[in-house]
Amino acid sequence: MRAEIQSMNDNQVRELVDFLPNNKSVGSKWIFKKKIDMDGNVQTFKARIVAKGYTQIQGVDYEDTFSPVSKIKSFRIIMAIAVYYDYEIWKMNVKTSFINGYLE
């Protein structure tokens, strides 16, 4: 939990503001998961904080939503380009990512 909060602070993706009396706040909750290996042993514990978006009303509290996901078609195109140009393909694990985070 500390790592999740520290990551949000490091990436400057949240800001503490004064709450106005006529506004409605969106709550949050913690999601906990255990990552296990092939033998069923616990490898790591993960915690992330998520907003309770289901308390909002579209058109009143927000206008549009965005969820960055990749399509299988996009993945196949990238793989075809890599094969054609004989690129070396690497994978990576992103511990935390934020749409509004700053990259160096």
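pLDDT is the predictor's confidence in each residue, on a scale from 0 to 100.

**Figure 1. Confidence across the predicted model.** Welcome to a predicted model, in which local features need pLDDT of at least 70, side-chain atom pairs count only at pLDDT 80 or more, and totals for chains, interfaces and linings use all residues. Residues are numbered from 1 along each chain as its sequence is written, and side-chain values use heavy atoms, with hydrogens and water left out. The protein has a mean pLDDT of 83, with 92% of its residues at 70 or more. Confidence is lowest in helix 1 (residues 2-10), where the mean is 85, and highest in helix 2 (residues 72-84), where it is 94. Where pLDDT is low, the predicted coordinates should not be read in detail.

**Figure 2. The overall fold.** Two helices and two strands make up the elements here, with helices (H or I, at least four residues) and strands (E, at least two) being DSSP runs numbered from the N terminus. Along the sequence they follow the pattern α-β-β-α. The radius of gyration, taken over C-alpha atoms, is 19 Å, well over the 13 Å that the globule rule gives for 104 residues, so the protein is more spread out than a compact globule. That rule is 2.2 Å times the number of residues to the power 0.38. The C-alpha atoms fill a box of roughly 60 × 40 × 30 Å along the principal axes. Of the 104 residues, 4% count as buried; buried means under 20% relative accessible area, exposed over 50%, and partly exposed in between (1.4 Å probe, protein chains only).

**Figure 3. Close-up of arginine 14.** Look for arginine 14 in the loop between helix 1 and strand 1 (28-36). Arginine 14 counts as partly exposed because its relative accessibility is 48%. Beyond its neighbours within four places in sequence, arginine 14 is in contact with Ile5, Met8 and Asn9, where contact means heavy atoms within 4.5 Å. Isoleucine 36 is 22 residues apart from arginine 14 along the chain, and their C-alpha atoms are separated by 31 Å.

**Figure 4. Close-up of valine 50.** Now turn to strand 2 (residues 42-51), the place of valine 50. With a relative accessible area of 23%, valine 50 is partly exposed. Setting aside neighbours within four places in sequence, valine 50 is in contact with Gly27, Ser28, Lys29 and Ile31. The C-alpha atoms of valine 50 and serine 28 are separated by 5.5 Å, although these residues are 22 residues apart along the chain.
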